[in-house]
Amino acid sequence: MTGVPGTSAGTGGSNVAFGSVGDPLAPLDLTGRLGRLRARFDSAGPDDGTVDSLLVTTPANIRWLTGFTGSAGQLLVTRDRAVLTTDGRYRAQSTEQLADAGVGSDVEVSIGGLQSQRQALVAAVGHAGRVGLEADNVTWSTQRSWDELFDAIEVVPTRGVVEQLRMVKDAGEVTRMERAAAIADEALGSVLPLLAAVGSGRDGTLSEARFAAALDNAMRQRGAEGLAFETIVASGENSAKPHARPGGRLIRPGDPVVVDFGAVFDGYRSDMTRTFCIGGPPDGALASVFEVVADSQRVGVGVVAPGLVAGDVDKACRDVIASAGWADRFEHGTGHGVGLDIHEGPSVGPGSTAILQPGTVVTVEPGVYLPGTGGVRIEDTLVVTEGGSRPLTRFPKEVVV
């Protein structure tokens, strides 16, 4: 049974065919996204009030709407205009990226220093209506600055206007996430022999940090443009810390090793966790933990489907763990959305009321952690389909290395 102690992950993971990670992909077509955003203006303000324009300052939201990936930029979307401001470093890049995304004729680009950019935004707002700011991305001092800059125009907070649109991925976005996942799958397979060498007694010098570095490098070699987040490699007693950072601890035979990592491809991220036992099957309490977490994750994955409340996925996983007596050792949510950000909507945790839809991408990652002994977490990233879901992360879940 997948994930049950006593099965073996072997050492030949690099030969497992997870799909091509090198074929070129067609550019994302972003036409229509600005229109979908404008359609939300009538309920984007406080208390579901109206806004007449939205000042987008979150980099991932700017990228999702325009394709622009620069580190400095602001996007003002009104009911009939869109203006992207940035500085001279991105003069050529901004024009090229907007054109590639199919929105070159829909978004005006204003290049200049900070004062020049602000003047362009004020001019674009004009004298009508309310300007919405992204409250979760704007500091109090910045809000005051915008309030003064727009003078007689009312500035109001908005929350999640673009993020809610981003929760449902289109085919191009899913393809990029699938590519990121395939890169991560193949990278893990290529470095698994390092753990096998520890299990067989051939290497006693492999640290968490060295294994993490090898895995990160393997993802880069296979086309990852970056890491989805800082790779977690936690061995022995460290595996009981859900977000342990890899350090100098040497990995030893008998250790549980939690490996939580992901790749970035064309801006989109993957996320996967596997927990291995080095050199042989786990024993004692850990043997039961491995089995219970595997059962919990399998049940959670099995219920992911369109129309389901995200909190019900969490409950399905949590009930399995609670029935084994470890409810208090599962101390985080079951999952989260993934996309341009590693953590985005919807939350898959207790009380989450989000409704899963085809195109929603979520993780399912239950875990049990026994301080002083070790922990186990198993995670896959899934895309919701019309009839259920399918995994984007596909590395085997055998335990023994």
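A crossing of two helices is called left-handed if the near helix is turned anticlockwise from the far one by less than a right angle, and right-handed if it is turned clockwise. Helices (H or I, at least four residues) and strands (E, at least two) are DSSP runs, numbered from the N terminus. The views show a predicted model, in which local features need pLDDT of at least 70 and side-chain atom pairs count only at pLDDT 80 or more, while totals for chains, interfaces and linings use all residues. Residues are numbered from 1 along each chain as its sequence is written, and side-chain values use heavy atoms, with hydrogens and water left out.

**View 1. Helix α7 crosses helix α8 in a right-handed sense.** Axes are lines fitted to C-alpha atoms, for helices over the stretch in contact, and angles run from 0 to 180 degrees between N-to-C directions. Contact means heavy atoms within 4.5 Å. The axes of α7 (residues 171-199) and α8 come within 8 Å and cross at roughly 145 degrees. On the α7 side, the contact is made by Ile183, Ala184, Ala187, Leu188, Ser190, Val191, Leu194 and Leu195; on the α8 side, by Phe211, Ala214, Leu215, Ala218 and Met219. By class, twelve of the contact residues are nonpolar, one is polar and none is charged. Here Ala, Val, Leu, Ile, Met, Phe, Trp, Tyr, Cys and Pro count as nonpolar, Asp, Glu, Lys and Arg as charged, and the others, Gly among them, as polar. An α-helix has 3.6 residues a turn, so residues three or four places apart point the same way.

**View 2. Strands β8, β9 and β12 form an open antiparallel sheet.** The order of the three strands is β8-β9-β12. β8 (232-235) and β12 (272-277) are the edge strands, each with a single partner, so one side of each has no neighbour in the sheet. On average, neighbouring strands here are turned by 10 degrees against each other, direction ignored. Two strands pair if DSSP finds at least two bridges between them; β8 and β9 (residues 256-261) pair in the antiparallel sense over four bridges. Ala234 stands opposite Val258 in β9. Helix α8 (residues 208-221) packs on the sheet and touches β8 and β9, its direction making about 150 degrees with that of β8.

**View 3. Strand β18 is largely enclosed by the rest of the structure.** Buried means under 20% relative accessible area, exposed over 50%, and partly exposed in between (1.4 Å probe, protein chains only). Five of the five residues of β18 (residues 380-384) are buried. In a regular strand the side chains alternate between the two faces of the sheet. Asp380, Leu382 and Val384 point one way from β18, and Thr381 and Val383 the other way. β18 pairs in the antiparallel sense with β15 (residues 361-364) over four bridges, and Val361 stands opposite Val383. Three bridges join β18 to β19 (residues 389-391), again antiparallel, with Pro391 of β19 as the bridge partner of Leu382. β18 and β19 form a hairpin with four residues between them.

**View 4. The largest nonpolar core has 40 residues.** Such a core is a set of buried Ala, Val, Leu, Ile, Met, Phe, Trp, Tyr and Cys residues joined through side-chain atoms within 4.5 Å. Leu37, Leu65, Leu75 and Val107 have the most contacts inside the core. Elements that give two or more residues to this core are α1 (33-38), β1 (53-56), α2 (59-66), β2, β3 (82-86), α6 (161-166) and α7. The largest share, four residues, comes from α2. A second, separate core of 29 residues includes Val191, Leu195, Met219 and Phe395. Leaving aside residues up to four places away in sequence, Val107 touches Leu34, Thr66, Leu75, Ala82, Val83, Leu84 and Leu98.

**View 5. Helix α2 is largely enclosed by the rest of the structure.** Six of the eight residues of α2 are buried: Ala60, Asn61, Ile62, Trp64, Leu65 and Thr66. Just after α2, Gly67 takes a positive phi of about 90 degrees.

**View 6. Tyr268 in strand β11 is buried.** β11 spans residues 268-269, and the relative accessible area of Tyr268 is 3%. Not counting residues up to four places away in sequence, Tyr268 touches Leu28, Trp64, Glu173, Arg176, Met177, Ala180, Ala263, Gly339 and Leu340. The C-alpha atoms of Tyr268 and Asp341 are separated by 7.4 Å, although the two residues are 73 residues apart along the chain.

**View 7. Thr78 in strand β2 is buried.** β2 covers residues 74-78, and Thr78 has a relative accessible area of 7%. Beyond residues up to four places away in sequence, Thr78 touches Arg38, Phe41, Asp52, Ser53 and Ala124.
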